[in-house]
Amino acid sequence: MNNFAEIVEEIKSIVSSDFDGKKIFDKDVADVLGISQMNFATMKKRNKIPYAELLDFCATKSISINWMLYGQSPESLVEATNKFFMVKYFSDAHASAGGGSDVECEEIEELEIPEQFVFMLGGERELKNIEAINVSGDSMEPTFSYNDIVFINRNKTDLQRGGIFTIRTEAGLFIKRVQKRIDGKVDIISDNEVYSTQTLDPREIEVIGRVVSRFGDVD
């Protein structure tokens, strides 16, 4: 997969005609993507790709996200088009890795994913159970960061083995590391050590599904 810097250079090339031959700077790319210069600089330093903004840009320019992420030539996309798969994407849904978030109005879109990514979601047969949402907050850093797109398998709700899940409590929608205790209660754990662990009764938790990927493996 292309890294952040490589994607930035691709974007500069794509929008060059809009700048009348003038040199294009990173701040110009930040403006094109609708990201503040400060957040852009942080993402570039951490090589954190802004998937949601990149998807909007590709849609506007009629560019395949597979080309942008994997550097495929336009010619190769003709054949590769038949090897794309679609999953449900709740573009206005944000699960908090911080202070809580919830979903009142869910706009359902279809997110195109390349064939080579499907096995990371459990294979083609699992795609019917897969949904994608956005991340907000920083309590799950470095595993997840703000604006990451994560993939949830809604068929996997058993907490017995633990792992990272999307859950709903009375405080909102969360992405957290969940671990069942011997006493039957459940620890809600943040990967960012700044945040403390919460302990809840299982009846206080609605398990939406297990987080299985984010355009990359989940620890």
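Strand S7 (residues 186-189) has Val186 and Ile188 pointing one way and Asp187 and Ile189 the other, and all are buried. Buried means under 20% relative accessible area, exposed over 50%, and partly exposed in between (1.4 Å probe, protein chains only). Helices (H or I, at least four residues) and strands (E, at least two) are DSSP runs, numbered from the N terminus. This is a predicted model: local features need pLDDT of at least 70, side-chain atom pairs count only at pLDDT 80 or more, and totals for chains, interfaces and linings use all residues. Residues are numbered from 1 along each chain as its sequence is written, and side-chain values use heavy atoms, with hydrogens and water left out.

**Strand pairing around S7**
- Strand S6 (residues 172-180) runs antiparallel to S7, and 4 bridges join them. Two strands pair if DSSP finds at least two bridges between them.
- Gln179 stands opposite Asp187 in S7.
- The hairpin of S6 and S7 has 5 residues between the strands, and Gly184 there takes a positive phi near 95°.
- Strand S8 (residues 198-200) is also antiparallel to S7, joined by 3 bridges.
- Ile188 has Gln198 in S8 as its bridge partner.

**Nonpolar cores**
- A nonpolar core is a set of buried Ala, Val, Leu, Ile, Met, Phe, Trp, Tyr and Cys residues joined through side-chain atoms within 4.5 Å.
- The largest nonpolar core has 38 residues, of which Ile11, Leu54, Leu111, Ile113, Ile149 and Phe151 touch the most other members.
- Helix H4 (residues 51-61) gives the most to this core, with 6 residues.
- Another core, of 13 residues, lies apart from it and includes Val135, Met140, Ile152 and Val211.

**Helix H4**
- Buried residues of H4 are Tyr51, Ala52, Glu53, Leu54, Leu55, Phe57 and Cys58.

**Aromatic rings**
- The structure holds 2 aromatic pairs. Rings of Phe, Tyr and Trp (its six-membered ring) pair if their centres lie within 6.5 Å; planes under 30 degrees apart count as stacked, over 60 as edge-to-face and the rest as tilted.
- One of the pairs is Phe4 with Phe40, edge-to-face, at 5.2 Å centre to centre and 70° between the planes.
- Phe4 lies in helix H1 (residues 4-15) and Phe40 in helix H3 (residues 37-46), so this pair ties together parts that are 36 residues apart in sequence.
- Phe4 is buried, at 3% relative accessible area; Phe40 is buried, at 3%.
- Lys176 lies over the face of Tyr195, 5.7 Å from the ring centre. A charge sits over a ring if NZ of Lys or CZ of Arg is within 6 Å of the ring centre and within 35 degrees of the ring normal.
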